[in-house]
Amino acid sequence: MADDGGLAKFQRRLQAMRLAASGSVAPALLQGANEIAALQRAAAQSSRKTGALIDSIKVTGPGQATPSHSQPGGQMVVPENMAVVTAGNSEVRYAHLVEYGTRPRMQGQGTQADVHPGTAAQPFFWPGFRLGRGKALKRIKRAIGKAVKEAK
(Lines give C-alpha, C1' and ligand atoms only; values in the text may rest on other atoms or scores of the structure.)
Protein backbone atom coordinates (compact mmCIF):
# COMPACT_ATOMS: atom_id res chain seq x y z
CA MET A 1 0.00 0.00 0.00
CA ALA A 2 1.33 3.43 -0.92
CA ASP A 3 2.05 6.04 1.73
CA ASP A 4 -0.70 8.69 1.66
CA GLY A 5 1.31 11.11 3.79
CA GLY A 6 -1.11 10.84 6.71
CA LEU A 7 -4.22 11.77 4.68
CA ALA A 8 -6.27 8.80 5.93
CA LYS A 9 -5.39 9.59 9.56
CA PHE A 10 -6.29 13.27 9.02
CA GLN A 11 -9.64 12.33 7.43
CA ARG A 12 -10.47 10.01 10.34
CA ARG A 13 -9.67 12.81 12.78
CA LEU A 14 -11.88 15.28 10.90
CA GLN A 15 -14.72 12.74 10.88
CA ALA A 16 -14.34 12.19 14.63
CA MET A 17 -14.43 15.95 15.26
CA ARG A 18 -17.52 16.35 13.04
CA LEU A 19 -19.36 13.58 14.89
CA ALA A 20 -18.36 14.96 18.30
CA ALA A 21 -19.47 18.48 17.37
CA SER A 22 -22.72 17.20 15.86
CA GLY A 23 -23.74 15.46 19.09
CA SER A 24 -22.85 18.29 21.42
CA VAL A 25 -24.23 21.18 19.42
CA ALA A 26 -27.91 20.10 19.61
CA PRO A 27 -28.42 21.17 23.27
CA ALA A 28 -26.76 24.53 22.56
CA LEU A 29 -28.97 25.02 19.48
CA LEU A 30 -32.16 24.26 21.39
CA GLN A 31 -31.20 26.44 24.36
CA GLY A 32 -30.43 29.37 22.05
CA ALA A 33 -33.68 28.87 20.14
CA ASN A 34 -35.68 28.74 23.39
CA GLU A 35 -34.07 31.99 24.57
CA ILE A 36 -34.92 33.67 21.25
CA ALA A 37 -38.50 32.38 21.49
CA ALA A 38 -38.78 33.81 25.02
CA LEU A 39 -37.63 37.22 23.75
CA GLN A 40 -40.19 37.04 20.94
CA ARG A 41 -42.99 36.12 23.35
CA ALA A 42 -42.06 39.07 25.55
CA ALA A 43 -42.06 41.43 22.55
CA ALA A 44 -45.45 40.08 21.41
CA GLN A 45 -47.07 41.06 24.74
CA SER A 46 -47.86 44.50 23.33
CA SER A 47 -50.11 42.93 20.68
CA ARG A 48 -51.86 40.63 23.18
CA LYS A 49 -55.59 40.23 22.76
CA THR A 50 -56.21 36.52 23.32
CA GLY A 51 -52.64 35.29 23.82
CA ALA A 52 -52.99 32.89 20.89
CA LEU A 53 -50.16 34.52 18.94
CA ILE A 54 -47.83 34.34 21.93
CA ASP A 55 -48.74 30.69 22.53
CA SER A 56 -48.08 29.91 18.85
CA ILE A 57 -44.37 30.82 19.08
CA LYS A 58 -42.69 27.41 19.09
CA VAL A 59 -39.20 25.92 18.95
CA THR A 60 -38.79 22.87 16.73
CA GLY A 61 -35.71 20.67 17.01
CA PRO A 62 -33.90 18.48 14.50
CA GLY A 63 -36.02 15.81 12.83
CA GLN A 64 -39.32 17.36 13.94
CA ALA A 65 -41.93 19.09 11.78
CA THR A 66 -42.77 22.75 12.28
CA PRO A 67 -46.46 23.65 12.72
CA SER A 68 -48.51 24.01 9.56
CA HIS A 69 -49.07 27.61 8.41
CA SER A 70 -46.22 28.85 10.62
CA GLN A 71 -44.10 31.86 9.76
CA PRO A 72 -41.51 32.12 8.33
CA GLY A 73 -41.69 29.39 5.73
CA GLY A 74 -44.64 27.18 6.60
CA GLN A 75 -44.39 23.52 7.55
CA MET A 76 -41.07 21.71 7.10
CA VAL A 77 -39.00 18.99 8.73
CA VAL A 78 -36.05 20.55 10.54
CA PRO A 79 -32.69 19.25 9.31
CA GLU A 80 -29.93 17.87 11.54
CA ASN A 81 -27.92 20.49 13.46
CA MET A 82 -30.67 23.07 13.21
CA ALA A 83 -33.41 24.47 15.44
CA VAL A 84 -36.28 26.59 14.14
CA VAL A 85 -38.39 29.21 15.90
CA THR A 86 -41.79 29.84 14.28
CA ALA A 87 -44.87 31.91 15.00
CA GLY A 88 -48.36 30.92 13.95
CA ASN A 89 -50.11 27.64 13.24
CA SER A 90 -53.29 26.40 11.56
CA GLU A 91 -55.45 28.47 13.98
CA VAL A 92 -53.16 31.52 14.22
CA ARG A 93 -52.56 32.55 10.61
CA TYR A 94 -51.95 36.24 11.23
CA ALA A 95 -48.44 36.38 12.73
CA HIS A 96 -47.07 38.13 9.65
CA LEU A 97 -49.88 40.70 9.74
CA VAL A 98 -48.99 41.64 13.33
CA GLU A 99 -45.25 41.71 12.51
CA TYR A 100 -45.50 43.87 9.39
CA GLY A 101 -48.89 45.60 9.76
CA THR A 102 -51.51 46.10 7.05
CA ARG A 103 -52.34 48.96 4.73
CA PRO A 104 -55.73 50.68 4.43
CA ARG A 105 -58.14 48.77 2.18
CA MET A 106 -61.75 48.47 1.12
CA GLN A 107 -63.74 45.95 3.10
CA GLY A 108 -67.14 44.70 1.95
CA GLN A 109 -68.93 45.07 -1.39
CA GLY A 110 -70.96 47.62 -3.31
CA THR A 111 -72.40 50.56 -1.43
CA GLN A 112 -71.80 48.82 1.88
CA ALA A 113 -68.02 48.91 1.41
CA ASP A 114 -66.09 50.35 4.31
CA VAL A 115 -62.53 51.51 4.41
CA HIS A 116 -60.47 49.53 6.87
CA PRO A 117 -57.79 51.90 8.20
CA GLY A 118 -55.10 49.23 8.30
CA THR A 119 -53.04 48.29 11.32
CA ALA A 120 -49.67 49.51 12.48
CA ALA A 121 -46.82 47.02 12.55
CA GLN A 122 -46.11 45.55 15.98
CA PRO A 123 -42.80 43.76 15.36
CA PHE A 124 -42.03 40.91 17.73
CA PHE A 125 -40.45 38.11 15.69
CA TRP A 126 -37.40 39.68 14.05
CA PRO A 127 -36.54 42.03 16.94
CA GLY A 128 -36.51 39.03 19.30
CA PHE A 129 -34.36 37.12 16.85
CA ARG A 130 -31.88 39.98 16.49
CA LEU A 131 -31.65 40.42 20.27
CA GLY A 132 -30.97 36.74 20.98
CA ARG A 133 -28.89 35.77 17.93
CA GLY A 134 -25.47 36.88 19.25
CA LYS A 135 -25.73 35.04 22.56
CA ALA A 136 -27.02 31.89 20.82
CA LEU A 137 -24.17 31.94 18.29
CA LYS A 138 -21.57 32.30 21.04
CA ARG A 139 -23.06 29.33 22.91
CA ILE A 140 -23.07 27.19 19.75
CA LYS A 141 -19.46 28.13 18.93
CA ARG A 142 -18.38 27.26 22.49
CA ALA A 143 -20.11 23.86 22.24
CA ILE A 144 -18.41 23.12 18.92
CA GLY A 145 -15.01 24.24 20.24
CA LYS A 146 -15.36 22.11 23.34
CA ALA A 147 -16.39 19.06 21.29
CA VAL A 148 -13.48 19.49 18.90
CA LYS A 149 -10.99 19.77 21.79
CA GLU A 150 -12.41 16.60 23.39
CA ALA A 151 -12.21 14.72 20.08
CA LYS A 152 -8.47 15.35 19.70
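This is a predicted model: local features need pLDDT of at least 70, side-chain atom pairs count only at pLDDT 80 or more; totals for chains, interfaces and linings use all residues.
View 1. With a relative accessibility of 29%, W126 counts as partly exposed, whereas F125 is buried, its relative accessible area being 7%. The rings of F125 and W126 form an edge-to-face pair, because their planes stand at 80° while their centres are 5.0 Å apart.

**View 2. F124, F125 and the aromatic cluster.** F124 has a relative accessibility of 1% and therefore counts as buried, since the cut-off for this class is under 20%. A search of the whole structure finds 3 aromatic pairs; in one of them the rings of F124 and F125 have centres 6.4 Å apart and planes at 90°, so this pair is edge-to-face. Ring pairs join F124, F125, W126 and F129 into a cluster.

**View 3. The largest pocket.** This pocket has a volume of about 350 Å³, and among its 18 lining residues S47, K49, Y94, V98 and Q122 lie nearest the centre. Helix 2 (52-55) and helix 3 (95-100) each supply at least two residues of the lining, and helix 2 gives the most, with 3 residues. By class, the lining consists of 8 nonpolar, 7 polar and 3 charged residues.

**View 4. The second largest pocket.** The space in this pocket is about 300 Å³, and of the 16 residues that line it, A33, I36, A83, V85 and F129 are the closest to its centre. Helix 1 (7-44), strand 2 (84-86) and helix 4 (125-151) each supply at least two lining residues, with the largest share, 7 residues, coming from helix 4. The lining of this second largest pocket has 13 nonpolar, 2 polar and 1 charged residues.

Terms used. Residues are numbered from 1 along each chain as its sequence is written. Side-chain values use heavy atoms; hydrogens and water are left out. Rings of Phe, Tyr and Trp (its six-membered ring) pair if their centres lie within 6.5 Å; planes under 30 degrees apart count as stacked, over 60 as edge-to-face and the rest as tilted. Buried means under 20% relative accessible area, exposed over 50%, partly exposed in between (1.4 Å probe, protein chains only). On a 1 Å grid over the protein atoms alone, a cavity is a set of points where a 1.4 Å probe fits but cannot get out, and a pocket is an open set with protein on both sides within 12 Å along at least five of seven lines; lining residues have an atom within 4 Å of a point. Grid points are joined across faces, edges and corners, and a volume is the space filled by probe spheres set on the points. Helices (H or I, at least four residues) and strands (E, at least two) are DSSP runs, numbered from the N terminus. Ala, Val, Leu, Ile, Met, Phe, Trp, Tyr, Cys and Pro count as nonpolar, Asp, Glu, Lys and Arg as charged, and the others, Gly among them, as polar.
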